[in-house]
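Below is a short briefing on selected features of one structure, sorted by topic.

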Amino acid sequence: MARVAFIGLGVMGYPMAGHLKSRGGHEVTVFNRSSEKAKKWTEQFGGSDAATPQEAARDKDFVFSCVGNDDDLRAVTIGENGAFHAMKKGTIFVDNTTASAEVARELDAEAHKRGIHFLDAPVSGGQAGAENGALTVMVGGSEEAFEKAKPIIDSFAKMVGLMGPSGAGQLTKMVNQICIAGLVQGLAEGIHFGKKAGLDIEKVIEVISKGAAGSWQMENRHKTMNAGKYDFGFAVDWMRKDLGICLAEADRNSARLPVTALVDQFYKDVQVMGGKRWDTSSLLARLER
């Protein structure tokens with residue numbers, strides 16, 4: 001059993017922290033900006049809550065975070081009352097936020113100065129993956145820290161991989177989101193075309209999902225897309241944040257992402273339609289408006 005802190009109890013962090021306690025059997029202290037959410041978590045899972053990230057991190061072996069963006073991450077690590085101020089030498093900070101590779105490298109360097117370890121470890125699998133403890137975790141950092149942290153991360157993951165040095169986890173998550181964006185747009189166009197052609201979409205998917213066109217998105221989203229329901233997963237606002245990170249990194253490394261840039265604009269259209277909190281499969285709604 002390890003002494004663990006978890007910072008950020010959103011739709012992903014809440015169940016992830018829960019698995020660390022219930023499945024992993026670890027001693028868990030949580031922090032959330034909304035103290036009511038932290039109280040609710042402790043009532044459900046046990047453990048304890050703290051008033052600040054610094055308090056949560058004190059005397060812990062591992063500190064996890066899952067917050068909104070780069071600035072939020074800086075605030076809970078090196079900001080006033082940030083976790084880094086309380087972490088003892090040799091302890092490991094595991095960040096599950098989808099953020100930039102730049103901030104991961106920045107915080108890794110700061111952690112090194114303090115004698116602690118930092119792993120950028122964004123996740124894929126959405127809310128359902130978090131709730132089921134079946135996330136894919138892409139990790140950047142030292143092999144030494146990774147090997148120590150992996151058994152703890154396994155509490156909420158089905159796949160955990162070390163992708164390279166600091167920042168590599170975030171870069172891998174960018175590849176993940178780039179691939180998803182194109183897949184969802186292709187699926188949306190396929191369903192839209194099939195409807196216009198008068199085909200039975202369920203029959204079409206039953207056949208083509210077993211061939212080269214098959215994908216997770218097709219298996220898990222085609223029914224709700226066909227029904228015009230878009231409240232079953234990762235929100236458009238979050239996807240636009242992630243694609244913005246991808247496009248900014250592409251500007252730095254000279255990668256060409258024409259489809260990603262186009263789909264990002266399509267998601268902007270969905271936001272204008274009022275779909276900020278719809279899931280990413282709502283690209284179909286844009287075609288059907």
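The buried residues of helix α1 are G13, Y14, P15, M16, A17, G18, H19 and L20. With eight of its ten residues buried, α1 (residues 13–22) is mostly covered. The model is a predicted one.

**H26, between α1 and β2**
- H26 sits in the loop that runs between α1 and β2 (27–31).
- Its relative accessible area is 9%, and because buried means under 20%, H26 counts as buried.
- Leaving aside residues up to four places away in sequence, H26 touches M1, A2, V4, L20, K21, I152 and S155.
- One of these partners, L20, is also among the buried residues of α1.

**Aromatic rings**
- Nine aromatic pairs are found in a search of the whole structure.
- One of them joins F6 and F64: the ring centres are 6.0 Å apart and the planes lie at 5°, so this pair is stacked.
- F6 belongs to strand β1 (residues 3–7) and F64 to strand β4 (residues 62–65), so that the pair links distant parts of the chain, 58 residues apart.
- F6 and F64 are both buried.
- F64 also pairs with F156, here edge-to-face, with 5.9 Å from centre to centre and 80° between the planes.
- F156 is in the loop between α7 (143–153) and β9 (157–164), while F64 is in strand β4, so the pair ties together parts 92 residues apart in sequence.
- F156 is buried, as is F64.
- Through these ring pairs, F6, F64 and F156 are linked into a cluster.

**Packing of α11 and α12**
- Two packed helices are described by the angle between their axes and the distance between the axes.
- For helix α11 (residues 236–253) and helix α12 (residues 258–272), the axes come within 10 Å and cross at roughly 150°.
- Angles over 145 degrees count as roughly antiparallel, which makes α11 roughly antiparallel to α12.
- The two helices, α11 and α12, cross with left-handed geometry.
- On the α11 side the contact is made by V236, D237, M239, R240, L243 and L247.
- On the α12 side T260, A261, D264, Q265, Y267, K268, V270 and Q271 take part.
- By residue class, the contact of α11 with α12 comprises seven nonpolar, three polar and four charged residues.

How values were computed
Residues are numbered from 1 along each chain as its sequence is written. This is a predicted model: local features need pLDDT of at least 70, side-chain atom pairs count only at pLDDT 80 or more; totals for chains, interfaces and linings use all residues. Side-chain values use heavy atoms; hydrogens and water are left out. Axes are lines fitted to C-alpha atoms, for helices over the stretch in contact, and angles run from 0 to 180 degrees between N-to-C directions. Helices (H or I, at least four residues) and strands (E, at least two) are DSSP runs, numbered from the N terminus. Angles under 35 degrees count as roughly parallel, over 145 as roughly antiparallel, 65 to 115 as roughly perpendicular and the rest as oblique. A crossing is left-handed if the near helix is turned anticlockwise from the far one by less than a right angle, and right-handed if clockwise. Contact means heavy atoms within 4.5 Å. Ala, Val, Leu, Ile, Met, Phe, Trp, Tyr, Cys and Pro count as nonpolar, Asp, Glu, Lys and Arg as charged, and the others, Gly among them, as polar. Buried means under 20% relative accessible area, exposed over 50%, partly exposed in between (1.4 Å probe, protein chains only). Rings of Phe, Tyr and Trp (its six-membered ring) pair if their centres lie within 6.5 Å; planes under 30 degrees apart count as stacked, over 60 as edge-to-face and the rest as tilted.
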